[in-house]
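Please look at the sequence and the structure before reading on.

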Amino acid sequence: MNEKKQVNPIKKILESRLFSQIMPVGLLLLLVLVFGIITGGRLVSPASLKIIILQAIVVATVATGGAFIFASGNVSLSLGATTILTATIAALAYNATGSLLVMIIVAILLGVILMTASALLSTALGVRVMYVTIVMMTMFSALQQAILGGSTVALPYDLVQTLTNNGFMYIAFGIFFIVCVILFHFTDIGRSLRFIGTNNTCAEQTGISKAKYLLIAFIIAGVGCGIGALLALVRGGSIGTSTLPSLNMDCMLALVLGGMSIFGGSKSYVYSGVVGAITVVVLNQGLLMAGVDSTIIQAIRGIAFLALVAASQVRPKGLPAPEG
Amino acid sequence: MKRLIALILVVVMAMSFVACGNADKPADNSSNTSSEGTVDVSKHHKIGVATVHSGENWEIAKTYLETVIAPTYNFEFVISETLSDANGLIAFMEQCYAAGCDGFINLVTSNDAISQGAHKADELGMWFVTQNSAWVEDVAELPKNIGHCGADPVAVGTAYKEAFSEYLSDGQPHSVILFEGAAVGGDKGQGAASHFYSAVGVLEAFQEAYGLTYDKPIADLVNQQDPGEVNTGNPDVHIYLYPGRNPNDAVTALLPVLQTGNYDIFAAVFSFAAFTNAISDVETSLGKDIKVIGTAQIEKQTKTGFETQDPTGDTVLNSAILNDLSLACAINCIELKQAFDGHADAMKDNGKTVLIGVRSWAVNGPETYAKMEKLNTSPELYILTAEDLLHYAEAGITWQDLDNLLADLASVDTLLERKGLN
C-alpha cells in the first residue's frame, strides 16, 4: 500500500524550476552558436551584437515592465498602445519645448498615468484586466490617430544621433532593468505578485491585497512603457500611427519565449522579456544573414515560436485553472 | 520528451531551410558587358530591399529583381518582410549591414522613414536609394543618399485628369465619389504625394468641364481630414471626397453615399477592387451604371476588372491608371550600380538628390489593357531588359538620361511599340 509512485526522471527534469530557468537562456545560446557557425562568425561580431541588442531594446524594456502584470496571472493587451501614445505625446512635448528633460518626464509620467488608469478601471469595475486593456488599447490607438491624423511626429536627427552615441538607450534600459530585478526577485512586490499568479484565492486569504499589488504592477509597467516610448523615439526618430504595430504581441511573445509562464505564478522571471526579445532578434538576424528568404523566415519563426510555446507552457498539476 | 522532440525537429527544419537559403550562390557574371563593353560587373554587391508591398505586383517586381537584374549586375538581394515604419526600416537596414549589404533600396515612403533611413545608411556606409514619389530635402545632400525614383505624382494627377476629362466631355452632368487614400498632407510629405495629385487631377477635371467654383482652393479641399461633399456651386454636379488608408472602412462608409444614387463615377487611388462588390450591389438596386476608375497595377486583379461585366453589362473597371513597380526597381538598381562604379554624382543634381518620376499610364478599356498585360511576362518583355540595364549602367549616363528615358516611356502607344506589342 505504501509503494512509492514511479516518477519519470526526464519529466521531473522538464518540470523542475531549474530547467524552466535555464532552458530559454540555453536556447538563446544555442541559436547564437548555430547561427554563429553558419554565418562564419559574422553574427557574433561586436557590430552585429550591438545591432542585436539595439533591435531588442524597446521590446525588452516594455516586456520587462509587463512581466509584473503577467506574473500576477493577468494579461495586458494595452502595453503597445500605451507606449506608442506616450511616445507621440513625449515627442510633441519635445518639439514644443526643445527640452530633453521635459520629454523624459512627460514620457514616464504619462506611461504611469495611462497604465494606472487601466488598473483602476479593472479593480473599480471588477472587470478582468484583459478585457479592460482591450478597451484601453482601442482608446489609446484612436487617441493617437486623432492627435496625428495621417502625419508623423519626428525628433531632430541630431538629437537622435546624440542620444544614440551617448549610450542613452543602454543607460535607460540598464537602470530600469536593475530596479525591476530588485523589485521582482528581492522584495515583497515580486513575491506577492507571483503568489497572486500562483493562487489568487490563497494569496488573498493570507492578507495580500490583489488590487494593491495589481496597481503596483501596472505602475511599474507604466514606467516601462514610458522608457520604452523614449527608446522607440530614439531608435526610429519618429512616431506615426503605423509605428511598431505589433509591439504588444512582440512583448507577449518575448515574455513567453523567455520562459515566463503564460499563467504567471512562481515560474515567472523578470529577465524573460530580455531573453525572449533577444531570441527573436537573433533568430531573425541569423536567418537573414544565412541567406534565407524573408517569406521562409516568417514561416520558420512561426513554427519555432509555436513549438517553443507548446514545449514550455504547461500549467503545473495541482494549480487551479485561471478564472475567465 | 515530446516537447524535446518538437524542439529538435524545429531546429532540424530551420537548419534545412538555412541550407536551402544558401543554395543560391551568386553567379559569376564577370563576362556580362554592355554593347560598348564598358560596364564592369565582376564585383558582387549585396543589396537590401525594404518593402511596404505584398501581393502579385510585388512578386512580379521581386522576380524581375532576382532573375533579370541580379544576374545582369552581379547583385544579390536581401528582401524584407512587409514593413510599415521607420523603426522597422532602421532595424532591417542594420540587419542588412550585418549581413554584408553595401547598397539599399528603400520602399518605406514616409518622409521621416526616408530621412532616418538616409542618415542610417550614411552612418553604416551603404548606398541608399528610395522608391517613392516625393523629394526629401533634409537628406538631399547626404553623401550616401543617391536619390528617389517612383510614380511621378504630377503625372499620376495628369493621367487622372485625362481619364476624367474623357468621361466628362459628353455634355452631361456627372458626379463622383473619390476614395483619395493617403492624399491628406501629400503635398507636404506627410501623406502620399501620388494620392494627393490624383485627387487634385480629378477636381481640376471637374472644374474645367463644368466651370465649378469651389469654396476653397483645390489643395485645401484635398487636405481636409474629414470625408464629405465638396461645395461645387453646381447643384447637378456632386463630388464626395473620402480620405482614408483602410479600404474596408471606406467601403462601409461609402455604401450609403453610393445608395443615394447621386453619383455615376467612382474613383479609387488604390485598392479599387475592394469596392467593386459594393458598387455592383448598388448598381443592381438602383438599376444604374457606375463607372469605375482606379489606380492599378499590371496584374490579374486588373485583368479581371476589365474582363468582368457588372450588373448593367458594362465592365467592372472602366479605366485604370497603371503603375509599374518593376520599372521603378530597375531605375533604383541603375542608380545603385552607377554609385558602386564611382558615378554617384551623375545621379545627383549639383550634389543634391533628385526625384526621377515613373509616369503612369492611363488605360481606357480592355483592348489596350490586353496588350499592356503582356509586359513583365518574360525577360524580353520587361520594360527594361538586361541589355537596357547594361546600357544605362555605363559611365557618362546621368539622372537626366534616366528621366528622359521615363519621359519617352510615358505614352502607352510608345511603350507598346517599343516592346512590339502594338
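B:Ser271 is partly exposed, because 19 other C-beta atoms lie within 10 Å, whereas a residue counts as buried at 20 or more. The model is predicted. B:Ser271 belongs to the loop that runs between β9 (265-268) and α9 (273-286) of chain B. Its phi is near 55 degrees, which is a positive value in a residue other than glycine.

Most residues other than glycine have a negative phi. A positive value is also found at B:Asn350, where phi is near 55 degrees. This residue sits in the loop between α11 (325-340) and β12 (355-358) of chain B. B:Asn350 is exposed, because 7 other C-beta atoms lie within 10 Å, and the limit for an exposed residue is 12 or fewer.

The two residues are set out below.

| Residue | Phi | Other C-beta atoms within 10 Å |
|---|---|---|
| B:Ser271 | near 55 degrees | 19 atoms |
| B:Asn350 | near 55 degrees | 7 atoms |

The chain as a whole can now be considered. Chain B contains 15 helices and 13 strands. Its radius of gyration is 23 Å, close to the 22 Å that the globule rule gives for 422 residues, so chain B is as compact as a globular protein of that length. Along the principal axes, the C-alpha atoms of chain B fill a box of roughly 65 × 65 × 40 Å.

Of the 422 residues in chain B, 51% count as buried. Among contacts in chain B between residues at least 6 apart in sequence, 71% join residues that are at least 24 apart.

How values were computed: Residues numbered from 1 in each chain as written. Chains lettered and ligands numbered in written order. Predicted model: local features only at pLDDT ≥ 70, side-chain atom pairs only at ≥ 80, totals over all residues. Helix = DSSP H or I, 4+ residues; strand = E, 2+ residues; numbered from the N terminus. Rg over C-alpha atoms; globule rule 2.2 N^0.38 Å. Contact = placed C-beta atoms within 7 Å.
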